[in-house]
Amino acid sequence: MSFIDAADVTYPAFSTDNCIKCNVCTTVCPVARVTDLFPGPKYVGPQAQRFRGGPSPDATVDLCSGCGYCTRACPAGVLIAETNSRARARMVEQRGTSLRNRVISDTDLLIRFGVPFAPLVNLDAHMPPARWLGELVGGVHRRAAVHPFARRTFRSWWRGRRGVADAGPEKTIVYFHGCAVNGFEPSLGRDAVEVLERNGFSVIVPDQVCCGLPMISNGLYPQARRKAARNIRSLASYARRGYRIVTTSTSCGYTLKAEYHEMLDLDDPEARAVSEATWDICELLSELHDDGRLDTRLAPMARDLPYHPPCQLKAHGIGTPAMDLFALIPGLRAIDSNHDCCGAAGTYGLKKERWQIAHDVGQPLFEKIVASGAADAACDSETCRWQISTATGLPVRHPVEYLAESYRSYAAAAALQGAMGERRPR
Amino acid sequence: MPSADVVVIGAGLAGLTAAIELAERGATVQLVAKGMAATHWAHGGLDVAAPPGARSPANGVARLKARGGHPYAILEPDLGPALSATFARLAEMGLAYRGDLRTALRFFPTPIGGLRPAAIVPVGQAPALEPWSPGEGLLLLGIERFRDFWPPYAARNLARQVWNPGPSRIESAAAALPGILELRNLNSLVLARRFDDPSWRAAAVAALRATIPGKGRWRIAVPAVLGLERHADVLAEAGDALGHPVFEIPTLPPSIPGLRLFEALRARATAVGVRVQIGFEVAGVERDGDTITAVATHAAARPLRISTRDVVLGTGGIGGGGLRGRRDGALEEPILGLPVAAPGSAEWLGGDLYGAGGVALESAGIRVDDQLRPVDPGGGVVLRNVRVVGSALAGMRYLAERCGDGVALASGYRAARLIAGEASNPSAAEAPGPARTAVAS
Amino acid sequence: MTDVDVVVVGGGATGSGVLRDLAMRGLRVLLVERADFGSGTSGRYHGLLHSGGRYVVSDPVSARDCARENAVLQRIAPHCLELTGGYFVATPDDPDDYLEGFPSACADAGVRTEEVPLRELFAAEPLINRRIRAAYEVRDASMEPWELIDANHASAREHGSDAWRYQALVGVERGPDGSVAGVRLEDRRTGEQRGVSCQVIVNAAGAWAGQVAALAGATLHMSPGKGSMLIMNRRLTSAVVNRLAQPGDGDIIVPVHTVSILGTTDVTVDDPDDVRVTADEVDALLADGDRLVPGLSSARVLRSYAGCRPLYDAGEIEASDTAHHAQSREISRAHHVIDHGARDGVPGLFSIVGGKLTTYRLMAEQTSDRVCVSLGIEAPCRTADELLPGPPGARPYWLGGRLAAVEADGGGDADLVCECEIVTNSMLRHALEERPDSSIDDLRRSTRLGMGPCQGAFCTCRAAALLAERADAGQRPPEAPEPNDSLRAFLAERLRGAAPIAWGDQLMELWLEAGVYRGTMAVDTLPAGEDMAPTDAVG
């Protein structure tokens, strides 16, 4: 029996015990690669952990972007990124954190005020003087990759739809839309619903709030726990009855699947049920395809499409199901970016003092995408999309949007065929 | 459930070689690894065999094979082809190696002034092994503030080594490289990445050059930090600018030459269609009798299952985590639970861990038949569709014999050929004859 | 120094305390130690500064001494201590009557204690056994011995006395009446011999006191008691945790700097130089540890080590000495000052035996009192009154100290030699400036180099290179060990502690280390130097 089992403690807190100081983690860290300010995962993770316990002795751990490459490279099973996150939470608990961090991590709040005033806010966001002011006063870098607020939230649109049909756990998907879809990219949500319905599912959208990841990333664990508690309360009953919870954000997905447990120590049966019931949408669709149940009536989209798997997808440990789905669209040649991290790391890349690091981390990726000559690119996580889009000037979409478009084109062509067929003389 | 023809477990030399060879033969291969290990710690050369008294790797292999129980007893015929294939693919990825099975073993200086036997090394290390000509001195050229290279210490020890013939004189120096003294973080990785940057590189090389004592012919040894992604460019530029032959000496982990080797093989694997999944730790397997039908890896929320026809186990030895010592004195193989041949726990560290002979535990591992299938103490095959490759194999003392890389490459190669059905027993199919030589590059 | 008043033999805590005490009373004192200071029992103890709670039932006099001395040390040596606090806990295996009697026994012995609500205990110590039914708080603290020993030496030097290491006592010169006249010393690294004349010898050689006494022609039967400990790789508790039961094996966990030390055992041995941790002891300690921290036996064990208690054969207690006739385990824990004048016909020889590190200052005081009486000197002991020398504004150790200091400077690894324990270049240089003849193991005691998870895998060669650099610069005195010898000796010494616990992650670590040293560094091909001094082997 391992110490973890016998001592009934959560693994991440004690995984640092396994560290053999081999430095493999340091070789994969994107942040250490670009800045001398960050000593790297070994130093701020398992090495520093032995000095923690009372007052926090930390400073440089705050530069960790949480990409998780270190955890995945470690031969000894140390959960390094998770350790770093907890150390930051401890720093925040003891020393507090800036108002800026509290504001930008509260995306529900930002949406509540941003969407109603979207025209004004969005206009401001494009004006250099406003951005300079934002940097000076608000600490958000003037070139930070911000996305315009939507005019209407996804939830608002959903409420305006016809009645919700719950067709039971096998045939109904519980959609966790996340803040990006809700307040910034509602069309992605609409596409996701369309794709799911196309494949015979009913979709329901229960009460939910921000998954809490921005708060976790900023060390605001109590705040994150409140978000988590509300989500779990709403979702657990579905999870326990066998419904699948599907996300279009690999970040929200990872938070529900893993971070509630690994960071926030939420380990009760409800939290576990939600975790085990959570699926990334591409993961789900790919699994359907493996079972021969995916609607493959997809119209050709002849193009080269650079695809960047986000760090928060790699963390899921499911590979890149989007690539399997792209392969089903005739003529679509998806090219995996083969690059580690775009640099955004959620709110990290927005911050005045982190923006350059984030940009440097993603620079080779941006260059690759531009050099490919492609007209757009794909990525499953929102802040990554916005980072890549801002840096390259190209539109960046979620893989599911390509599926939706392909389904629509197929349906439109079929309808046209059908209509023409009807007019043809027998 | 996703499926693959072969799941390779482990991303070391053995696993990557098996995966590449399989994919090149048309198999769909999924390579899963908990992380990266020994490749990132080792010196980047290819140690094939250097037991005491061996004159060349081939000679060493013959000695080890004659001892009985050594993996080379099975793998020797695969060694030549495996090395050729490896050299070719590394060269294609811009990482050239020198030497082959017939090359005489010579002494390679280490950062503390030891001399290790070597024959097959990357081109950036090759000048170290050239015979010393009269009047040629060795200059150990370090980098100020870099804490993992110690020219004065190495010099005083190398000066006392019996080196026949060795350098006519040995000196040490250190160069202050631009911007380095102000850095907060300084390790081989930081330096190697800086060397990748052409403008910094030019200034750094100039600074190195400036510390070379004016007179005389030198062979210059620098720490192994000459670039990570642009290593070939850095070598060329350094070679030109320094005006003397220069070679890298690998030092403490993370090993830059080891990293280059790993990245080259990984890129090759990806290019030939292997799905390389680092960070996918095996959670368990599904069996049907003595056949594995699926491999499950840890993933967020629930394991990921991959159905498969064959499995290659290249999880390494004790250092890599493929074999684990238990408190009760047993050595276990944690993924498949294969029986491990090991000395009794009282003898594990019997010997001299830091001496040439090593300790008894070094020879522990999994016993296999000539098809690399794991066998129990009675010789019965435990799992029909599993091949064990690399440091997990029993019967070798890879430190004392310096044979780990040869065993890894040969076993990976052999496993691939066996799975691809190229011969049910390749060692019988190969005509006896001179060992194949490597492609010079 | 060729002529002093007193020679103190033994550079552990007690000897160092005597050195300081007598120096402060105006005597000229030379302390000699055959290996490095604090490499004997003091360097191998549990790391515990007792509150006295452990002895309140079994040996109330010791308890009272500990309680008083604990307060003294907290006052005079804050920078040597960590104020961890401690708990006495009643596990399911511990008897009710002990628990019930504990508070009053503490009160009687002057040991401050207070009951702790279990809720509070479990919040403070998340890993502790949840089946504990009662807990008391005490003022236990943790202490690494070397800073304490160094501070005593520094204080002595302020008063004109001195301490030499790597000097073995090879002979005692006696006058015509048999009284002490001087000592003969041999440098264990160079073989050089020298004489120092003195009037008094204080034998503070602890477990080796019998050997020292014999050189002077006196008889002293020591009964060394081996105590083995296990070092856990991380702090499993933040405070000291003791069991509410009669003192026994494996019943204390002490957080000492970055690790937890679990101990101990009690095995009588013949030769204090030949102490090995046995497999049975490892098993027993881990089983005991599980009672305090469930699952401890599955956690990573970093290292094992054993020390020898300087136990005095009970049958020899003189009536004039304060004798504690307590339980058998405790009887020889008491300390005794022995005047070999009348007893053995060696006037001027005094031995101080038994005792525990917590009461070192008291032992030193009593010894120094006897010495002063014999020399006709009337000077009171002031060691409890004056602060031990330390860095300005010295605070107690806190776990995050070293990391915080590096982080305050912007963080980073560029200047770290031992990364595990955050030992910087300048710390090492400072240590080498103070003691230019240091071996790598000596540097370990001064700085904690090599005491982290990698057990020297990375820092040993860096340290050896530093020694070589200083040798080249002429900064190494002739008696300093050769860098290669020191490197090999250090690797061997680390391995000695690793072998009994070589499984799991620590075995993997050992293999990484072997791969580096044999694979990349080819340490086995280093040129042979002189044979390492025997002292390095006892490490």
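Two residues are in contact if their C-beta atoms, placed from the backbone, lie within 7 Å. With that in hand, welcome to this structure. It is a predicted model, in which local features need pLDDT of at least 70 and side-chain atom pairs count only at pLDDT 80 or more, while totals for chains, interfaces and linings use all residues. Residues are numbered from 1 along each chain as its sequence is written, and chains are lettered from A and ligands numbered from 1 in the order in which they are written.

**Chain C and its domains**

The domain bounds here come from an automatic or database domain assignment.

| Domain of chain C | Residues |
|---|---|
| domain 1 | 6–42 + 146–222 + 313–375 |
| domain 2 | 51–142 + 225–309 |
| domain 3 | 401–537 |

Helices (H or I, at least four residues) and strands (E, at least two) are DSSP runs, numbered from the N terminus. The centres of these two domains of chain C, taken over C-alpha atoms, are 29 Å apart.

**Where chain C meets chain A**

Here 33 residues of chain C are in contact with 28 residues of chain A. Both α11 (401–408) and α16 (504–520) of chain C supply at least two residues of the side that touches chain A.

**A sheet in chain A**

Chain A holds an open sheet of four strands in the order β2-β1-β3-β4, with parallel pairing; two strands pair if DSSP finds at least two bridges between them. Its edge strands are β2 (202–204) and β4 (278–280) of chain A. Strand β3 (residues 244–247) of chain A is joined to β4(A) by three bridges, and A:I245 has A:T278 as its bridge partner in β4(A).

**A helix with two faces**

Helix α9 (residues 107–114) of chain A has A:T107, A:I111 and A:G114 as its buried residues. A residue is buried if 20 or more other C-beta atoms lie within 10 Å of its own, exposed if 12 or fewer, and partly exposed in between, with C-beta atoms placed from the backbone. Seen down the axis of α9(A), the buried residues fall within an arc of 75°, so they line one face of the helix; the arc is that of the directions from the helix axis to the C-beta atoms. They pack against α10 (118–125), α13 (178–183) and α15 (213–217) of chain A. The face of α9(A) turned away from its buried side carries the exposed residues A:R112 and A:F113.
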